[in-house]
Amino acid sequence: MQYSKMFIPTLKDSPADAEVVSHKLMVRAGMIRQVASGIYTILPMGLRVLRKVEQIIREEMDRIDSQETFLPSVQPAELWQESGRWDFYGKELLRFKDRHGREFCYGPTHEEIITDIVRKEVKSYKKLPLILYQIQTKFRDEVRPRYGIMRGREFMMKDAYSFHTDDASAKETYQKMAVAYENIFNRCGLGFKMVVADSGTIGGNFSHEFAVLADSGEDHIGFCDSCDYASNLERAEARAPSPAQDTPKLDNLKEVSTPGKKSVQEVAEFLSVLPQQIVKTIVMDSDQGLVAGLVRGDREINPIKLKNLIGAEWIRSADPKAISEETGIPLGFVGPVGLKLKVFADREVEASNNFVTGANKTDAHFTGVQINRDFKAEQIGDIRMVIEGDPCPKCASGTYQVKRGIEVGHIFILGTKYSKSMKAHFLDLNGKENPMVMGCYGVGVGRTAAAAIEQNHDEKGIIWPVPIAPFAVHIIPTNYSQDAVKKASDSAYKILQERNIEVLLDDRTDRMGVKLNDADLLGMPLQIIIGPKNIESGKVEVKVRKTGVSELHDFPQVLENIPAILKDLVS
């Protein structure tokens with residue numbers, strides 16, 4: 001493509017509202033423009049990248065016998081009401097009525113639509129397993145859209161859905177999908193980790209995220225420095241505490257005065273104890289009512305783990321007013337002894353003795369508290385947040401590292417969550433009716449492109465990985481109006497195109513400084529710089545954008561080597 005014929009509205013300055021590198025550079029490189037909050041027009045240069053990502057996705061989906069379809073973005077409320085998500089999903093679901101007053105939503109995801117199709121068309125086990133996927137626009141009415149197309153309200157996504165006769169078949173497809181996802185992100189040139197994750201509003205009981213490690217990531221990823229264990233921090237397992245070597249002398253329960261001392265630090269200093277000798281009682285609100293979670297004073301409670309432990313649909317921090325009204329206890333002095341709420345304890349609490357808790361009255365705490373003697377927990381489990389340096393739960397020698405990550409893909413085993421509620425049944429070999437076992441698998445197309453920029457850029461601009469670059473080669477003539485330079489540039493352009501190499505020829509009359517700045521901003525993997533002095537000597541300059549290494553090569557012979565150079569950049 002000739003630069004003069006392509007729409008590339010580059011900018012010198014970043015938009016004032018851009019917080020992350022990918023947002024800044026995609027706007028500056030003329031790839032996207034905002035229409036409304038969280039809604040973007042994808043311009044030609046940006047669309048070339050997204051189409052490359054899509055093609056890689058299609059090839060890997062087709063490789064595992066997944067078939068492409070295209071589902072409607074507008075979905076009737078009746079299907080969401082059948083699944084039970086119409087009221088549960090929340091304000092992120094964009095709802096509206098048509099001219100006849102019928103309720104619809106703009107799909108943030110497509111479990112209901114695909115389940116409806118399959119339940120109508122598939123009746124026998126002979127038609128299963130079945131994997132269908134699409135690449136389509138989604139809409140989620142985020143309360144605070146930001147980071148450009150990385151966290152927009154409208155976004156492009158690949159979502160796939162699988163249907164099976166049993167759990168074993170679902171797990172087999174899940175493993176195939178995990179390999180396909182690894183192939184997708186490897187081919188896109190990303191550094192990523194497959195991590196244990198929470199299923200969130202999608203549902204299901206088994207899921208993994210694919211997270212690109214980047215400082216701008218919204219998620220926190222915990223991973224072992226010795227083995228391959230990795231998890232989103234909200235699901236990262238804590239190693240079970242080691243059993244005590246000696247049985248300690250158990251103190252008696254004693255109430256002590258702690259005037260005005262509410263925080264762990266205040267109580268620890270006042271009573272001359274360590275924070276880990278205190279047990280915090282965190283009251284949470286859930287669909288099951290108010291519940292209390294217990295963790296050591298030097299730990300933080302993990303709401304997702306607590307939600308999963310108690311089997312709640314949702315959980316959040318309780319309002320202090322609601323706590324006071326239901327329990328009659330002021331905030332800062334709540335404790336498990338005599339508490340009229342269901343109590344759930346972390347495993348470290350069970351392993352502790354003689355600890356301090358709130359006494360459920362103003363300005364008072366208990367010392368010498370013992371679980372199972374002074375109070376009972378409904379359940380005991382891993383409900384704390386892990387931190388960097390914690391021991392790995394899967395190997396003997398490793399410790400947790402914590403990094404930021406950008407979620408670019410997510411795979412789930414849904415089980416029968418949707419097939420039961422929506423009656424997506426099949427007849428087995430014996431003619432018995434059973435609910436289909438389902439899986440769900442998503443890739444954020446725009447997120448993948450943005451994540452690639454977060455991992456591949458410098459102070460000058462983008463550094464595209466070869467497989468998803470808008471063009472592989474950028475030809476930059478120093479003076480395109482000069483005959484010898486124009487002839488060599490046009491010749492290089494033609495030869496590379498004939499060899500199916502995507503090439504951008506900067507045929508503008510702008511100053512060389514402008515062209516070079518734009519070339520570095522746009523970030524094509526390889527630049528061929530053609531000037532009158534070098535071409536007179538039969539040479540052109542070839543520059544690798546990633547390394548900045550620039551060398552003179554014989555022209556036109558160097559054009560024979562361009563495919564090999566690009567291949568080396570991929571490997």
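Q: Which side chain makes a polar contact with the side chain of Lys52?
A: In this predicted model, Lys52 lies in helix 2, which spans residues 44–63. Beyond four places in sequence, Lys52 touches Pro467, Ile468, Ala469, Pro470 and Glu502. The side-chain polar contact, at 2.7 Å, is with Glu502.

Q: Is Lys52 buried or exposed?
A: The relative accessible area of Lys52 is 17%. Buried means under 20%. Lys52 therefore counts as buried.

Q: How many disulfides does the structure hold?
A: A disulfide needs two cysteine sulfur atoms within 2.5 Å. For Cys227, the closest cysteine sulfur is that of Cys224, 3.6 Å away and too far for a bond. For Cys440, the closest is in Cys105, at 15 Å, again too far. The number of disulfides in the structure is zero.

Q: Which is buried and which is partly exposed, Cys227 or Cys440?
A: Cys227 has a relative accessible area of 26%, which makes this residue partly exposed. Relative accessibility is 5% for Cys440. The buried residue is Cys440, and the partly exposed one is Cys227.

Q: What covers the buried residues of helix 7?
A: Helix 7 runs over residues 303–310, and its buried residues are Ile304, Lys305, Leu306, Lys307 and Ile310. Their cover includes strand 14 (279–286), strand 15 (289–296), strand 16 (315–317), strand 17 (342–346) and strand 20 (379–381).

Q: Which side chain forms a polar contact with the side chain of Asn434?
A: Asn434 is found in strand 23, residues 433–435. Leaving aside neighbours within four places in sequence, Asn434 is in contact with Ala424, His425, Phe426 and Asp428. A polar atom of the Asn434 side chain also lies 3.2 Å from the backbone oxygen of Lys432. The side-chain partner, at 3.1 Å, is Asp428.

Q: What distance separates the C-alpha atoms of Asn434 and Ser124?
A: Asn434 belongs to strand 23. Along the chain, Asn434 and Ser124 are 310 residues apart. In the model, their C-alpha atoms are separated by 10.0 Å.

Terms used. Residues are numbered from 1 along each chain as its sequence is written. This is a predicted model: local features need pLDDT of at least 70, side-chain atom pairs count only at pLDDT 80 or more; totals for chains, interfaces and linings use all residues. Side-chain values use heavy atoms; hydrogens and water are left out. Buried means under 20% relative accessible area, exposed over 50%, partly exposed in between (1.4 Å probe, protein chains only). Helices (H or I, at least four residues) and strands (E, at least two) are DSSP runs, numbered from the N terminus. A polar contact is a pair of N or O atoms within 3.5 Å; within protein, one must be able to donate a hydrogen and the other to accept it, and residues adjacent in sequence count only if both atoms are side-chain atoms. Contact means heavy atoms within 4.5 Å.
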